[in-house]
Amino acid sequence: MEEVRALTPLFFQEALAEEIRWLTKDMRFRHPKNREFIPLRVHTQALPIPEKKKDKPADIDGLHYMDSTIDYINDVDEDAVFDCPWCLVKMNGGKIPGINQRQEISVAICFGIFDNSPENKGHQTILNLIQKTYERFAKNPLLQGQYTCQGNFEWALQEEDTFPYFFGAISMQFSFWGFRRESKFT
């Protein structure tokens, strides 16, 4: 990805999502439907909204219903939370303390995976993802040469037993220079 030198929260969020894709590029996780191993899908701010599945009524007595008839919607919608594996880069908020000061942003990186192994140790994979993220910014707090991790790391795992789905998150603070006051003398 080409570096963008536009210091906005939106570009920061995209840069952080790209960094998580790069950090996990060699990792594969089981998909709950087809059980294949796939890469982590990284999203920003919200998980995609699943589409409702539409069921067409069956032919009755040899009569075929036209496509323009009423659509029957299946009562069961898929939940995006369980369409694992995923990562969500979510900005929690930010502040700009004053003109010509650094913008501060609080961000959470959330993970969701599927692991149906009988050992029930999917939390270990979540902890590895959290550790990988922490190590990246503890060793080098700079992201794309313009966003600085201020630390303040906090992480958590889900409290309830959600087998075979496992969830966790790490939060941290970043700062970067925003727009500078213009002066007719500079």
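Started with Arg35, which is partly exposed at a relative accessible area of 38% (buried means under 20%, exposed over 50%, partly exposed in between; 1.4 Å probe, protein chains only). This is a predicted model, where local features need pLDDT of at least 70, side-chain atom pairs count only at pLDDT 80 or more, and totals for chains, interfaces and linings use all residues. Residues are numbered from 1 along each chain as its sequence is written, and side-chain values use heavy atoms, with hydrogens and water left out.

Back to Arg35: I looked up its phi and got a positive value of about 65°, though it is not a glycine. Arg35 sits in the loop between strand 1 (29-30) and strand 2 (37-38); strands (E, at least two residues) are DSSP runs numbered from the N terminus.

Asn152 also has a positive phi, about 60°. I place Asn152 in strand 9, and it is exposed at 51%.

Next, peptide bonds. Cys84 to Pro85 is cis, with Pro85 in the loop between strand 5 (72-73) and strand 6 (86-95). Phe163 to Pro164 is cis too, omega about 5°.

Then rings: my search of the whole structure gave 11 aromatic pairs (Phe, Tyr and Trp rings, the six-membered one for Trp, with centres within 6.5 Å; planes under 30 degrees apart are stacked, over 60 edge-to-face, the rest tilted). Tyr147 and Phe176 have centres 5.2 Å apart and planes at 85°, so I logged them as edge-to-face. They are 29 residues apart, in strand 9 and strand 10, and both are buried.

Methods:
Helix = DSSP H or I, 4+ residues; strand = E, 2+ residues; numbered from the N terminus.
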